[in-house]
Amino acid sequence: SWASRQYGRRPAQWMRLRHAETNRTLFFLNHHGPIPINSGGVCGGEVVGLNILKVVSAHAELGDAVVAVGDFNANAASGTIKIVAASLRKAFSGVSFGGIDYIFSNFGDESVLRSENHGRGGSDHDAIS
């Protein structure tokens, strides 16, 4: 498709970070999803969602705090978000483009102390935290 030729592959970038004092580990993943919105690109939304979860499964370790963020280019009705949300809790999402920017985690609701939409801030997307 034009979009895949124009923007290329949409991988996920990840890292594991260990806190020096507590020895706790955070697995952090950032994803920029394929376009058009809700298409899942060439493979489809469900496959994109499964691939994101495969990255988490392959590289996070038992006991890691997991946070997955990004411009998923998919809203709550998409296969991508349905698949990811079946395994990770949606901590927050933006509203631009129908809500395609997300923060997911494996934390319970009590672990999210505050969430905020900071507006566009120079982007066409919401800056969320």
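User: Are F72 and F104 buried or exposed?

Analyst: Both F72 and F104 are buried, a term for under 20% relative accessible area, with exposed meaning over 50% and partly exposed in between, for a 1.4 Å probe and protein chains only. This is a predicted model, where local features need pLDDT of at least 70 and side-chain atom pairs count only at pLDDT 80 or more, while totals for chains, interfaces and linings use all residues. Residues are numbered from 1 along each chain as its sequence is written, and side-chain values use heavy atoms, leaving out hydrogens and water.

User: How many aromatic pairs are there?

Analyst: The count comes to four, where rings of Phe, Tyr and Trp (its six-membered ring) pair if their centres lie within 6.5 Å, and planes under 30 degrees apart are stacked, over 60 edge-to-face and the rest tilted. The pair of W14 and F27 is stacked, because the ring centres are 5.6 Å apart and the planes are at 20 degrees.

User: And what cluster do ring pairs make?

Analyst: Ring pairs join F72, Y102 and F104 into a cluster.

User: New topic: why does D109 count as exposed?

Analyst: D109 counts as exposed because its relative accessibility is 55%.

User: Which side chain does D109 have a polar contact with?

Analyst: The side chain of D109 makes a polar contact of 2.3 Å with that of R89; such a contact is a pair of N or O atoms within 3.5 Å, and within protein one must be able to donate a hydrogen and the other to accept it, with residues adjacent in sequence counting only if both atoms are side-chain atoms.
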